[in-house]
Amino acid sequence: MAWMSANDLGEEDEFHWVATVTKSTTARPFFPNYYYTFNDRFCGRECNVTCIIGLISTHQDDDTSELCLGKYYFGNTFKINWYKAMNYCRSRGMFLVSINNHAQLNDVIRCIQKSGHMNLNNDLDMWTSGNDLGEEGQFFFSSTGERLTFNRWDKGEPNNAWHGMCVYENCVTLHFKLHSVNYTFGDRPCGKEKFFMCETFTMETKRLANLMAILVSLLAVGFTSPQHAINTNELCRGKYYFFNTFKEKSYYLGTTFKLNWHKAAAFCRSQRLFLVSINSQSQLDEVIEYVNKSGFFNANESNLQLWTSGNDLGEQNQFLWTSTGERITFNQWTQGEPNHGRVNDCTVERCVVLQHYQNGLGATYSFDDRPCEREYFFMCESLDVQAQQHVEIDFAASRHKEYLFISTFNLSWHKAFEYCRGQGMFLVSIQNREELEAVKDAINMSGFWKKNHYLHMWTSLNDIGEEGQYYWASTGTRNQLDLWRDTDPNNSQHDSCTDEDCVALVHFRDLTVTYGLDDRACSSEFMFMCETNDETTDTVSAAPANGTSAGGLGHDIRSLPAEGLNWYKAVEYCRSRGMFLLSVRNAEEREAVIEYLDSTGYTKTHKGLMAWISANDLGEEGEFHWASTGERVNYQNWSETEPNDYKIDDCNGEDCAILEYWSEGGANYNYTFNDRFCGREYLFICETLPA
C-alpha cells in the first residue's frame with residue numbers, strides 16, 4: 001500500500017491530486033480485484049510513499065506511415081556503434097528500441113521479417129537500448145530507464161566477455177541465427193558496429209507508463225546499492241523538491257544523491273524525462289535561473305558540478321547531446337576543455353558536466369568533460385519532442401537546394417551514396433562556385449566549426465568507372481570545377497588492391513587548405529552531405545537515336561557502345577539523362593520490364609539478355625542494395641546458387657547485379673538476378689522514378 005497525492009480534504013468526495021492541483025477524473029476502482037486500485041485511507045496511517053517526479057509526451061511525429069506498425073524503424077542499411085545508434089534514433093525524434101516483454105519482441109520480429117532482411121541473411125545482431133554501463137550486471141533499457149526484466153538471454157549470456165585491454169561487453173543486442181539462435185539477447189562491446197532499430201512510443205504506451213510511473217516510479221529506477229537508495233520520506237518532504245514546471249519545461253534537479261553519467265541518464269528516462277541538454281545561451285539562462293530559484297547555493301553549497309547529456313562516447317571529439325541527438329554547437333567550454341584527461345589506462349573523460357564555482361575559479365556555468373564513471377549531481381528535463389522534426393541532423397535549405405549534413409557518424413563512399421538515396425536525396429555534387437558556397441553555408445549553419453578544426457566529407461565525385469575520368473555520380477555529369485588540392489588527384493596506392501577513386505571535400509580551418517577536393521580510398525569512412533535535386537521525369541524524352549524508350553512505361557534500354565558499359569559507367573550514363581539504372585523490386589516491376597523488352601523486339605532477335613541493374617553490395621559484402629533508391633534488395637529473384645561473389649582475381653569479386661535471361665535456360669535464367677564483376681561491360685536499362 002503506497003500513498004498518492006489524491007485526497008478530498010478540502011471537500012468530501014471532491015478528490016484532487018495535490019501534486020497537480022487537478023481534479024481526479026479516474027474511475028474507481030481502476031482495475032478489478034484490488035490490482036493496483038485506489039482506496040481512501042485515514043491520512044494519519046503510515047504507508048510507503050511514492051512520488052511523481054515527471055511525465056512527458058514522447059510521440060515525435062504524427063506521420064508514422066513510413067514506420068513498421070506505425071512505430072519501428074529498422075536501421076539495416078548501415079552499421080554503427082551503440083552510442084551512435086542511440087544518437088541516431090534521437091536525431092530522428094525516436095528511441096533505440098527496448099524489448100521487455102513477448103508482445104514487444106513479436107512486434108520487432110514482425111518488422112524484421114517484413115523488411116526482407118532475413119531473405120538474404122542467415123543471422124542478425126541488432127542493437128537494443130539495453131546496457132549495464134551504469135553498474136556491472138544491472139541491465140537497463142536506456143530509452144525507457146526500465147530494468148531489463150524480460151528473460152530472453154541466450155545460453156551463457158550475459159557473460160561480459162573480455163575483448164582486449166579495457167573492452168568488455170556492456171551493451172545488449174537482439175540476436176538471431178538460422179537453426180540455432182532464435183531472437184535472444186546477448187551482451188556485446190558497445191563500440192562494435194551493428195544494425196539497430198528505433199521506435200516511437202504510442203499513446204497507449206504512454207498511458208500505461210503514466211500509471212506505472214505513479215505506482216512504482218522509484219522502483220523503476222532500480223538502483224539497489226545502499227549508497228543510491230532514495231529516502232522517499234525526505235523526497236516528499238522537500239529534500240528532493242527541485243522539480244517544477246519552469247518556462248514551459250519540467251526540470252528535476254537531483255542534488256541529494258549523486259550518480260554516474262549512465263545511471264543519471266537512466267534515472268531521468270525512468271521518470272519520462274531526459275538528462276539536460278544546453279545548446280544555446282537562452283537554454284543556459286533558464287537552467288541558471290532554475291538552479292538559483294531552487295535554493296541550491298543557499299544550502300552551504302559553493303560549487304556546482306552537474307551531469308548534462310553531452311558526451312563523445314560514440315566518437316572521440318564528436319560531442320553530442322544524447323537526449324536530442326544534436327551536435328554540441330554551443331561554445332560554453334571552460335578554458336582548456338575538453339581535454340580528454342586520462343584517469344587510468346581504461347578511463348578517459350568522455351561525458352560533460354555543467355560546472356560553476358562561486359569563488360570565481362574560472363568556471364562560471366561552463367562545460368567540462370569528466371570520466372563518465374564519476375558520480376555527480378544531475379538535472380533532468382522534459383522536451384517539447386513534438387516540435388522535433390522527423391529528419392536527420394543539420395538540415396538546411398540554401399540556394400534552391402536542401403542539404404542534409406551528416407556529421408555524427410561516418411560511412412564509406414558507397415554506404416553514404418546508399419544512405420542519401422534512402423532518404424530520397426543524393427550524395428552532394430559541387431559543380432560550380434555557387435554550389436560550393438551553398439555547401440559551405442550549410443556546414444556553417446550546422447555549427448560544425450564551433451568545435452571542429454578540419455573537415456573530410458564525401459561528395460559524389462569519383463573515377464571508379466575509368467581512371468582519371470571524374471564524374472558526379474549523383475548527376476552523371478563530368479567534373480568541370482577546378483577545386484583540387486595542389487597534389488591531387490594522385491590516386492595514391494594504399495595496398496595491392498586499394499587506390500583512391502572517390503572524392504572528399506576537405507578543409508583545415510587553421511591551415512592553408514581551404515575547401516579543396518581530395519581523392520581518397522572509397523572504403524574510408526567520412527562524414528557526408530546529401531542534397532535534393534529539382535530534376536523532373538520529363539528527361540526521358542532525351543533518349544538518343546541509338547536507344548529506344550518505352551514511352552509511358554518509363555524504361556529505356558540502351559547499348560553504348562555495342563558491347564555495353566561497365567556498371568559504374570552505366571550508372572553515370574543513366575544519371576546524365578536524368579534517369580536511374582534499373583531497380584526491380586518486386587514481381588510487378590519484373591513483369592513490366594519483361595513487357596517492355598518484348599515490345600522492343602530485342603528478345604525476338606537475341607537468345608539471351610544480360611543487362612546491368614542497380615543492385616550491388618559494394619558498401620558491404622552480402623548486403624545488396626538498389627543504388628537508384630537506397631533500398632535493400634528484398635525481392636528473391638536470384639538465379640540458383642546466386643549471388644556467389646565469384647572471385648575474379650585476388651582483388652575483385654562479383655559485387656554488381658545483372659538481369660539475366662536465356663531462351664533455353666529454363667526458370668533459372670528467366671529474368672533472374674546474378675552478381676557479376678562491376679568492371680565487366682554489359683547492356684543496361686535506365687528508368688525514370690517518381691519525383
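Helices (H or I, at least four residues) and strands (E, at least two) are taken here as DSSP runs, numbered from the N terminus. The structure is a predicted model, in which local features need pLDDT of at least 70 and side-chain atom pairs count only at pLDDT 80 or more, while totals for chains, interfaces and linings use all residues. Residues are numbered from 1 along each chain as its sequence is written, and side-chain values use heavy atoms, with hydrogens and water left out.

After H8 comes glycine 447, which has a positive phi near 80°. Which residues of H8 are buried? Taking buried to mean under 20% relative accessible area, exposed over 50% and partly exposed in between (1.4 Å probe, protein chains only), they are Glu435, Leu436, Ala438, Val439, Lys440, Ala442 and Ile443. An α-helix has 3.6 residues a turn, so residues three or four places apart point the same way.

Attention now turns to the disulfides. Counting a disulfide as a pair of cysteine sulfur atoms within 2.5 Å, the model holds eleven. One of them joins cysteine 268 and cysteine 380, with the sulfur atoms 2.0 Å apart. This link is left-handed, with -75° about the S-S bond. It connects distant parts of the chain, helix H5 (residues 261-270) at cysteine 268 and strand S21 (residues 376-381) at cysteine 380, 112 residues apart. Cysteine 268 counts as buried because its relative accessibility is 0%, and cysteine 380 is buried, also at 0%.

Another bond pairs cysteine 574 with cysteine 686, at an S to S distance of 2.1 Å. It is left-handed too, with -80° about the S-S bond. Cysteine 574 sits in helix H9 (residues 567-576) and cysteine 686 in strand S38 (residues 683-687), so the pair ties together parts 112 residues apart in sequence. Both cysteine 574 and cysteine 686 are buried.

What is the handedness of the disulfide between cysteine 656 and cysteine 678? The torsion about its S-S bond is about 95°, so this disulfide is right-handed. Its sulfur atoms are 2.0 Å apart. Cysteine 656 is buried at 0% relative accessibility, and cysteine 678 is buried at 4% relative accessible area.
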